[in-house]
2 protein chains.
Amino acid sequence: MTIKGFIVKSTIVTYTRPMAFPPFAVTVDLVVFTIRDDALHVLTIRRGESPFKGRKALPGGFVKVNEDLDTAAARELLEETNIGSVDRLHLEQLGTYGTPKRDPRMRTVSVAYLAFAADLATPVAGTDAASAQWSPLSATLSTKMAFDHLTILQDGLERARAKLEYTTLAASFCSNPFTIADLRHVYELVWDTTIDPRNFHRKVLASEGFVEPTGEHTSAGRGRPAQLFRPGPATQLHPPVRRQH
Amino acid sequence: MTIKGFIVKSTIVTYTRPMAFPPFAVTVDLVVFTIRDDALHVLTIRRGESPFKGRKALPGGFVKVNEDLDTAAARELLEETNIGSVDRLHLEQLGTYGTPKRDPRMRTVSVAYLAFAADLATPVAGTDAASAQWSPLSATLSTKMAFDHLTILQDGLERARAKLEYTTLAASFCSNPFTIADLRHVYELVWDTTIDPRNFHRKVLASEGFVEPTGEHTSAGRGRPAQLFRPGPATQLHPPVRRQH
DNA sequence: CCCTTTTATCGTCATACTGAGGATAAATGA
DNA sequence: TCATTTATCCTCAGTATGACGATAAAAGGG
């Protein structure tokens with residue numbers, strides 16, 4: 001059977017060949033975390049169209065015909081935020097979600113990505129309802145989200161929590177330079193626990209390559225000025241920062 | 001522009017609607033590890049057709065129109081091996097690979113899955129070249145595989161190595177019941193290291209819920225008979241089994 | 001200017017876990 | 001009987017961690 005009405009750019013030759021496989025739509029969806037106002041936030045959009053009109057959703061979109069998955073994720077992230085390219089940014093593949101009815105309109109497979117942004121990242125301003133905004137995570141987790149995005153968000157949170165244990169990624173949440181206390185707040189907010197400042201301080205300084213002192217100190221604020229650090233060269237932590245389960 | 005020549009089965013209603021997105025083929029590919037003859041093996045097929053005719057490839061296939069991704073992976077696994085359903089089997093999503101030119105024939109996104117099988121699992125016998133077989137991993141890693149399957153295999157190995165650290169999945173490689181030495185061999189072969197039998201023995205027994213004694217002992221073989229165990233209820237290990245990096 | 005408050009940083013101590021390796025137990029085969 | 005092999009138990013030192021005392025260095029109020 002020949003199908004008509006398949007609309008693409010005329011330059012894409014691939015579409016003109018017969019296909020012996022079921023066609024899927026492939027999208028990328030982004031779980032982007034940041035810390036604002038002493039709370040973990042996630043980047044969301046509000047859907048302006050059916051299905052799930054009015055609900056919050058993760059930012060994302062279709063993968064283009066000649067676009068790599070990672071590239072598509074990075075492109076969507078740049079489109080939704082003002083993050084200056086890959087600097088101070090971590091982006092990794094989270095998982096793929098392809099339950100048949102997850103999008104009632106068509107058979108869609110979504111490749112989810114997880115990103116950590118420093119506080120200074122701001123969503124792109126926009127007047128339409130679809131513009132991205134930072135939503136407090138705790139509130140978002142108890143709302144109804146579009147599609148299976150709540151599941152993706154939960155998986156992203158769990159991945160983020162695990163990653164903090166054995167990687168240096170917590171520094172990706174901090175604007176540069178940062179203090180040990182800033183770093184500790186990241187762990188406390190992501191893990192939703194309190195951590196002993198003295199033991200944490202010892203642990204971070206004992207982890208070679210986690211942070212490097214800049215030589216500077218904080219000036220303003222209450223209490224004793226704190227040493228300032230930048231991220232070190234290490235990416236993995238041996239042994240990891242232990243979390244109580 | 002309207003494209004003609006898009007050929008699919010007429011029974012699939014979805015296909016007959018206009019699509020405003022690029023169509024992708026979605027496949028699942030399997031990285032299935034087992035231990036045979038004191039070496040780590042991976043399940044492979046040999047490609048009988050172009051492209052990559054004659055090369056080894058990971059078993060896999062197209063996801064069906066109304067099939068979940070996990071279901072498709074389990075189906076492919078059952079089709080290629082005689083593993084009796086989900087018993088003694090671990091199957092998890094590994095990652096998704098969608099570089100535009102990874103399949104020269106069409107734009108394909110492959111969702112890779114990782115599975116651990118006990119030794120008793122055997123590939124389905126078949127006379128054609130496409131029948132699955134166990135290939136020694138070390139040799140396979142230095143061959144040219146079809147598509148990007150070597151990359152997927154490397155990622156699967158790294159995932160498996162990491163998983164042994166903090167989960168009880170090593171028991172999935174062992175036929176039931178097993179000895180502590182059997183379990184240690186799994187770690188040694190997957191990590192490609194040697195482990196002190198005494199310290200490993202202590203670590204396993206100290207990890208609550210990792211293994212449960214059956215009360216039986218091995219009868220034949222050299223040396224003192226070993227106690228037999230079955231997998232315990234735990235899935236995670238706190239603290240993990242440490243590996244030298 | 002003194003004192004309280006706040007936060008950063010250092011130190012102490014008991015406990016837990018690991019790596020190295022000695023010693024014993026229980027089987028097989030010469 | 002004895003050497004060999006493997007399983008299991010034990011000791012000991014080094015390292016990491018949790019709990020928490022103590023000090024340092026700032027701000028702010030009287």
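**Entry 1: Glu92(A) and its partner**

I looked up Glu92(A) and found that it counts as buried, at 10% relative accessibility. The model is a predicted one, and I read every value below as computed from it. The side chain of Glu92(A) forms a salt bridge with Arg159(A), with 2.8 Å between the closest N and O atoms. Arg159(A) belongs to helix α3 (residues 149-166) and Glu92(A) to strand β7 (residues 89-97) of chain A, so the bridge ties together parts 67 residues apart in sequence. I noted Arg159(A) as partly exposed, because its relative accessible area is 24%.

**Entry 2: Arg102(B) and Asp148(B)**

In chain B I checked the salt bridge between Arg102(B) and Asp148(B), whose closest N and O atoms are 2.8 Å apart. Both residues sit in loops: Arg102(B) between β7 (89-97) and β8 (108-117), Asp148(B) between α2 (137-141) and α3 (149-166). The two are 46 residues apart, and the pair links distant parts of the chain. I recorded Arg102(B) as buried at 8% relative accessible area. Asp148(B) is also listed as buried, at 16%.

**Entry 3: Asp196(B) and Arg198(B)**

Is Arg198(B) buried or exposed? I found it exposed, with a relative accessible area of 65%. Its side chain meets that of Asp196(B) in a salt bridge, 3.0 Å from N to O. Asp196(B) is partly exposed, at 27%.

**Entry 4: network and total**

I then looked for linked bridges and noted a network in chain A that joins Glu67(A), Arg75(A), Glu76(A) and Glu79(A). Searching the whole structure gave 26 salt bridges over all chains.

**Entry 5: aromatic pairs**

In helix α4 (residues 180-191) of chain B they are 4 residues apart, which means a separation of about one helical turn. Tyr187(B) counts as buried at 0%, as does Trp191(B) at 7%.

Last, I followed the ring pairs in chain A, which link Tyr187(A), Trp191(A) and Phe200(A) into a cluster.

Methods
Residues numbered from 1 in each chain as written. Chains lettered and ligands numbered in written order. Predicted model: local features only at pLDDT ≥ 70, side-chain atom pairs only at ≥ 80, totals over all residues. Heavy atoms only, no water. Salt bridge = Lys/Arg side-chain N within 4 Å of Asp/Glu carboxyl O. Buried < 20%, exposed > 50% of the residue type's maximum accessible area, 1.4 Å probe, protein only. Phe/Tyr/Trp six-rings, centres within 6.5 Å; stacked < 30°, edge-to-face > 60°.
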